[in-house]
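Q: Hi! I'd like to talk through this one with you. Could you start with a residue you find interesting?

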Amino acid sequence: MPLLLGVVGIAFGLKKAFGHAYEPADLAPALGLAGGAAAFLVGDVLFRRTLGIGEGHWRTAAAVLVAATLPLGILVAPAAQIAALVLVLGGALLVEQRRGTPTQDASSLAPA
């Protein structure tokens with residue numbers, strides 16, 4: 001459910017902020033972007049833990065950081081908030097890939 005709510009929140013934030021990307025946004029679109037991205041990441045971490053395909057520490061940290069982008073959307077502009085979201089999400093995935101995350105061996109997933 002958090003994955004779906006995250007996608008809906010991001011879509012809402014993008015739709016509302018897209019027409020005025022370089023003007024400070026209202027609370028709702030900025031919250032949609034930050035809260036939607038955070039909800040999606042938390043949902044992804046929970047989904048991965050349920051399936052046993054990783055802990056998701058970097059994605060949990062990224063969820064906290066994307067929530068912290070809320071003031072950017074309100075005080076600066078949605079374009080700045082979206083740029084920060086891209087940097088945080090891309091950075092978390094890059095660090096996760098470089099450091100490696102414990103996952104199941106591919107042979108354990110193959111049917112017998």
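A: Happy to! Leaving out residues up to four places away in sequence, Asp44 touches Leu3 and Arg59, where contact means heavy atoms within 4.5 Å. This is a predicted model, in which local features need pLDDT of at least 70, side-chain atom pairs count only at pLDDT 80 or more, and totals for chains, interfaces and linings use all residues. Residues are numbered from 1 along each chain as its sequence is written, and side-chain values use heavy atoms, with hydrogens and water left out.

Q: Which helix is Asp44 in, and is Asp44 buried or exposed?

A: Asp44 is found in helix H2. Its relative accessible area is 10%, so Asp44 is buried. The cut-offs are under 20% relative accessible area for buried, over 50% for exposed and partly exposed in between, with a 1.4 Å probe and protein chains only.

Q: Okay, zooming out: how many helices and strands does the protein have?

A: The protein has 6 helices and 0 strands, and along the sequence the pattern reads α-α-α-α-α-α. Helices here are DSSP runs of H or I with at least four residues, strands are runs of E with at least two, and both are numbered from the N terminus.

Q: And what share of the residues is buried?

A: Buried residues make up 31% of the 112 residues. As for contacts between residues at least 6 apart in sequence, 65% of them join residues at least 24 apart.

Q: Let's go to H5. What span should it have, and what are its end C-alpha atoms doing?

A: Helix H5 covers residues 78–99, and its 22 residues should span 32 Å at 1.5 Å a residue; the end C-alpha atoms are 31 Å apart, which agrees. The expected span is 1.5 Å times one less than the number of residues.

Q: Which residues of H5 are buried?

A: They are Pro78, Gln81, Ala84, Leu85, Val88, Ala92 and Glu96. Seen down the axis of H5, these buried residues fall within an arc of 125°, so they line one face of the helix. The arc is taken from the directions from the helix axis to the C-beta atoms.

Q: Why do residues three or four places apart point the same way?

A: An α-helix has 3.6 residues a turn, so residues three or four places apart point the same way.

Q: What's on the other side of H5, and what do its buried residues pack against?

A: On the other side, Val86, Leu87, Gln97 and Arg98 are exposed. The buried residues of H5 pack against helix H1 (2–18), helix H2 (27–51), helix H3 (57–67) and helix H4 (70–76). After H5 comes Gly100, with a positive phi near 80°.

Q: Tell me about Leu85. What does it touch?

A: Leu85 lies in helix H5 and counts as buried at 8% relative accessibility. Not counting residues up to four places away in sequence, Leu85 touches Leu33, Ala37, Val66 and Thr69.

Q: How do H3 and H5 cross?

A: Their axes come within 9 Å and cross at roughly 165°. That makes H3 roughly antiparallel to H5. Axes are lines fitted to C-alpha atoms, for helices over the stretch in contact, with angles from 0 to 180 degrees between N-to-C directions. Angles under 35 degrees count as roughly parallel, over 145 as roughly antiparallel, 65 to 115 as roughly perpendicular and the rest as oblique.

Q: Switching to H1: which of its residues are buried?

A: Gly6, Gly9, Gly13 and Ala17 are the buried residues of H1. Down the axis of H1 they fall within an arc of 65°, so they line one face of the helix. The face turned away from that buried side carries the exposed residues Leu4, Lys15 and Phe18.

Q: What do the buried residues of H1 pack against?

A: They pack against H2 and H5. The axes of H1 and H2 come within 7 Å and cross at roughly 155°. That makes H1 roughly antiparallel to H2.

Q: Last one: where does Gly36 sit, and what is it in contact with?

A: Gly36 is in helix H2 and counts as buried at 4% relative accessibility. Leaving aside neighbours within four places in sequence, Gly36 is in contact with Gly6, Gly9, Ile10 and Leu31. Gly36 and Val7 are 29 residues apart in sequence and 6.2 Å apart in space, C-alpha to C-alpha.
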